[in-house]
Amino acid sequence: MKNILVPVGSSKNAVSHLQYAIDFAEIFGAKVFVVQVYNVFTKAGTMIKVDQIIERESLGFLNGLVAQVDKKNVDVFVKTLKGDLIDTLELACKAADVDLVLIEPKTTSIREEVYLGRTSGKIIKQMDVPTLIVPEGYKFSVPSNILMAIKSAIIRKDNVLKPLKEIQDKFSSIVDLLLVKTKYHKEVDFIVNDDLKSIINKTTKTENATTFQGVLEHFQSHNPSMLCVVRRKRGFFAKKWEKNTILKKDFHSSIPVLVLSGLK
């Protein structure tokens, strides 16, 4: 894990979130790219160069943010990017060969009932890059016990488990697997291949209406320090992501959540 992207909004948690990213990156010897995406819609004939003003203010904000954290020995780069949020972040990920995106649950939303705001939800729903959701105010600690919760263990994509493996290797984490049987279950869904089996310490099978309900039922018995779930078209974050924002009543986590790209 060499390059970590940290999209920044205007939340009061921005400093804490960036510090977590730097602490995390230091362990891996990774670089941190702090970016803010903006878009400008101006009327024809407008003389003031609004985009230049926003770019200057945005860059000033990012530099001020970085000045408030302990960079340790981590290389931190700041960049303001103009364009559509998802398209621009995907281009940035390709350009910087990003291995992981770190997001905070709410970059701009102040609604207490919201777990993931519109921006963070859009990143999770529309980007196919491994993402780590870090709770507000969460201080970095070693993820000694990771609970991976999935409805189907079928893996067709190459290297989809790479972020989880790298975290496990770096922190000597114990990874437990929670297989959740829902009404969409097929027998082949619980067949764990050798690649996944090689990193699993213990497997638990449960039957619940949703994967999240399975997590809630088994959370205390596993007592994980990190959750790992999978982004898929019809999976853990299916309907919950349709409106981008995610309410706490539908899903929330007090610990970091590693979201892998779809296994299929």
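Trainee: What percentage of the residues in the chain are buried?

Mentor: Buried residues make up 53% of the 264 residues, where buried means under 20% relative accessible area, exposed over 50% and partly exposed in between, with a 1.4 Å probe and protein chains only. Please note that this is a predicted model, in which local features need pLDDT of at least 70 and side-chain atom pairs count only at pLDDT 80 or more, while totals for chains, interfaces and linings use all residues. Residues are numbered from 1 along each chain as its sequence is written, and side-chain values use heavy atoms, with hydrogens and water left out.

Trainee: How many helices and strands does the chain have?

Mentor: There are seven helices and 12 strands; these are DSSP runs, helices being H or I with at least four residues and strands E with at least two, numbered from the N terminus.

Trainee: Why is Asn-13 called buried?

Mentor: Asn-13 has 8% relative accessibility, so it falls under the 20% limit and counts as buried. Its place is in the loop between β1 (3-7) and α1 (14-28).

Trainee: What makes the pairing of Asn-13 with Glu-104 a polar contact?

Mentor: The two side chains meet at 3.0 Å. A polar contact is a pair of N or O atoms within 3.5 Å; within protein, one must be able to donate a hydrogen and the other to accept it, and residues adjacent in sequence count only if both atoms are side-chain atoms.

Trainee: Why is the aromatic pair of Phe-24 and Phe-28 called tilted?

Mentor: A search of the whole structure finds nine aromatic pairs. In the pair of Phe-24 and Phe-28, the centres are 5.1 Å apart and the planes stand at 35°. Rings of Phe, Tyr and Trp (its six-membered ring) pair if their centres lie within 6.5 Å; planes under 30 degrees apart count as stacked, over 60 as edge-to-face and the rest as tilted. The angle of 35° therefore makes this pair tilted. Both residues are buried.

Trainee: Why is the pair of Phe-28 and Phe-171 called edge-to-face?

Mentor: Its planes are at 85°, over the 60 degree limit, and its centres are 5.7 Å apart, so the pair is edge-to-face. Phe-28 lies in helix α1 and Phe-171 in helix α5 (residues 162-171), so the pair ties together parts 143 residues apart in sequence.
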